2 protein chains.
Amino acid sequence: MASRGTRPPGIKEVAKLADVSTSTVSKALNGRGPLRAETIERVRLAAEQLGFVPDSRGRALASGRSFTVGLITTDSSGRFSIPIVLGAEDALSAGEMALVLCDTRDDPLREQHYLKSLVSRRVDGIIVTGRRVEPREPIDVPIPVVYAFSPSTDPSDTSVVVDDHGGAASTVRHLHTLGRKRIAHVTGPESHLSARIRAAATLEAASTTFTGQPLFGEWSERWGRMAVDTLLRDRPNLDAITCGSDQIARGVCDRLRELDRSVPGDVAVTGYDNWSVMTAASRPPLTTVDMQLEELGRRTATLLLAAIAGTPHPG
Amino acid sequence: MASRGTRPPGIKEVAKLADVSTSTVSKALNGRGPLRAETIERVRLAAEQLGFVPDSRGRALASGRSFTVGLITTDSSGRFSIPIVLGAEDALSAGEMALVLCDTRDDPLREQHYLKSLVSRRVDGIIVTGRRVEPREPIDVPIPVVYAFSPSTDPSDTSVVVDDHGGAASTVRHLHTLGRKRIAHVTGPESHLSARIRAAATLEAASTTFTGQPLFGEWSERWGRMAVDTLLRDRPNLDAITCGSDQIARGVCDRLRELDRSVPGDVAVTGYDNWSVMTAASRPPLTTVDMQLEELGRRTATLLLAAIAGTPHPG
DNA sequence: GAAAATCCGGAACACGTTTTCCTGCTCGAA
DNA sequence: TTCGAGCAGGAAAACGTGTTCCGGATTTTC
């Protein structure tokens, strides 16, 4: 551990070393006031010599902004929020903004606690994200908020969501291109909005080539394996299965292999999420739909920055 | 989005409403000075009525602390850092501390940038974590630092690491309890320290029951499947395979199933990491070693808090 | 050579809180 | 009645920066 006790040099130390006033230092380093180039250089040199790093607390107080945004998530697993966080961080760090992480673990009490903490920190904005695409209760704070992945129930709030409909439809189009004519769909619980949307979009896009009904179950490999047995019993001649998640798709693939159906020769299988752990390990590697969550995070952050700057984009 | 423009009430507004001075408000709300119960109640009421939330920027400036810790990680996937973050957050939020997240993506430039940002924010402490257990270059800042998962190369720094040796040894003991006598080991690249440690510990613990040499490869299911073929060709009578990761273990299980070897009847298989995605989906569910990363994060944060309070625990 | 225009830099204040020191009050005792 | 003790609460400084305004110095112009 490095030395402590000696507190870092402030703007005053720099001022003394450069033999100017503190305000001059501020102007020189921020390029504000009209200063001679020689003075600026002198200040810059002194700052560098002392290893001066401006204290953002003072800056925050003076500027009224904290250059910090909060991210509230309910997705402890990080399965969906991680890429979003990465994208958001990417867009934010360009603007010298920091991101404070708050994982509520789905506990309303915790969420309340974190919210108060963020308000107390005078965060410039808040990103709210979750594990499901179901709309969630909006949060009530006097700060710009952008919802990512799980939109707010209030349509006038700014929300960035994935295009489940388009994703599922493009999957079907892809299969049509490959000449598949009898498509089935295996997905997660019907109680999940994303499962319903993907199923509906699949049905719609494959109306003439769909066989049977979508199968709702759970987001697991086990369910994928079970579903294959059901499908092959009822519709033995199907030639494609679109799955609501990569996990399900992998289960489907595994079971098809065990039953000596060639993939994708006899039956084409598609996943959803582009979870590399699943897609790469599957045999054969899966065709899947990438939700582009990192891009989603980036756009969320960009929208938030715009809202902070005063140009909200509702809806 | 809630209303903006009207800036939140400050301590001054509360003071005016309660008809006391600002210092009295501070004392009342923080329970510092000697005040009459009646006064405290009056202030408390006024604060609540105005929805007053103290501005932590002012507090940070006055108290000299920012009540914030930075977390620097190189593990973009979040595979290992997520549980650590969760644990750390857990321990920190108890102390009203916030956590700002910095993902370097293994880019030294980015790391430097984030480091400067954290120093500028006068963070109270920093947690450094990574994707591998290899020791890493210590960071040089005048702030308490605790390394988690990837220790610092400087032994006088505070580092919290996983007990790979103990974990591997306990696996072997478990297998001995089950009566297994011919144990093999399949793990990741020999260039990875954790693979070497686990292999060495396995060899040591199973000295009399180990068959052949540990197999080094990669952290993938594919390698697990390949390794089974190699093992069964050279040592067809083995009765247990300990794997360096759950992914490898799953590949091993899958391949054994394909070859009609019963698991765990003929061959027992153990994993490492307790990655539920792998262990639960495997058939049969895997026995694995839990690294207790969340606990590691919690302990890291606790150590950091101690260091911030002035009681460093080097080594 | 004097007045005006220009340019540079400094003093002071603001931001919101905590903390130290100090004042004024009340109560009890002589 | 007066003095000391003790307690409740206020005034002011401090934290570190940004910003506004203003004065002094230099240059320009007639």
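Student: Which residues in α3(A) do Glu13(A), Val14(A), Leu17(A) and Ala18(A) in α1(A) meet?

Tutor: The model is predicted: local features need pLDDT of at least 70, side-chain atom pairs count only at pLDDT 80 or more, and totals for chains, interfaces and linings use all residues. Residues are numbered from 1 along each chain as its sequence is written, and chains are lettered from A and ligands numbered from 1 in the order in which they are written. Helices (H or I, at least four residues) and strands (E, at least two) are DSSP runs numbered from the N terminus, and contact requires C-beta atoms, placed from the backbone, within 7 Å. The four residues of α1(A) meet Arg42(A), Val43(A), Ala46(A), Ala47(A), Gln49(A) and Leu50(A).

Student: How do the residues of the contact of α1(A) with α3(A) divide by class?

Tutor: Ala, Val, Leu, Ile, Met, Phe, Trp, Tyr, Cys and Pro count as nonpolar, Asp, Glu, Lys and Arg as charged, and the others, Gly among them, as polar. On that scheme, the contact of α1(A) with α3(A) has seven nonpolar, one polar and two charged residues.

Student: Is the crossing of α1(A) and α3(A) left-handed or right-handed?

Tutor: Helices α1 (residues 11-18) and α3 (residues 37-50) of chain A pack at about 125° with axes 9 Å apart; axes are lines fitted to C-alpha atoms, for helices over the stretch in contact, and angles run from 0 to 180 degrees between N-to-C directions. That angle makes α1(A) oblique to α3(A), since under 35 degrees counts as roughly parallel, over 145 as roughly antiparallel, 65 to 115 as roughly perpendicular and the rest as oblique. A crossing is left-handed if the near helix is turned anticlockwise from the far one by less than a right angle, and right-handed if clockwise. The crossing of α1(A) with α3(A) is right-handed.

Student: At roughly what angle do the axes of α4(A) and α4(B) cross?

Tutor: The contact is made by Arg57, Gly58, Ala60 and Leu61 of each of α4(A) and α4(B). The crossing is left-handed. The axes come within 9 Å, and their angle is roughly 140°.

Student: Which elements give two or more residues to the side of chain B that touches chain A?

Tutor: In total, 42 residues of chain B are in contact with 42 residues of chain A. The elements of chain B that give two or more residues are α4 (56-63), α5 (81-93), β2 (98-103), α6 (108-120) and α11 (276-281).

Student: Which residue of chain B comes closest to the rotation axis?

Tutor: Chain B can be laid on chain A by a turn of 180° and a shift of 0.0 Å along the axis, with an RMSD of 0.1 Å; superposition is by least squares on C-alpha atoms of residues with pLDDT of at least 70 in both copies. The two copies are thus related as by a two-fold rotation axis. At 2.0 Å from that axis (C-alpha), the residue is Val100(B).

Student: Which residue stands opposite Val186(A) in β8(A)?

Tutor: Strands of chain A form an open sheet with parallel pairing in the order β7-β6-β8-β9, where two strands pair if DSSP finds at least two bridges between them. Four bridges join β6 (residues 183-187) to β8 (residues 240-243) of chain A. Opposite Val186(A) stands Cys243(A).

Student: Which strands does helix α9 of chain B touch?

Tutor: Chain B has an open sheet in the order β7-β6-β8-β9, with β7 (215-216) and β9 (268-270) as edge strands. Helix α9 (residues 221-234) packs on this sheet, its direction making about 145° with that of β6(B). The strands of chain B that α9 touches are β6, β7 and β8.

How values were computed:
Two residues are in contact if their C-beta atoms, placed from the backbone, lie within 7 Å.
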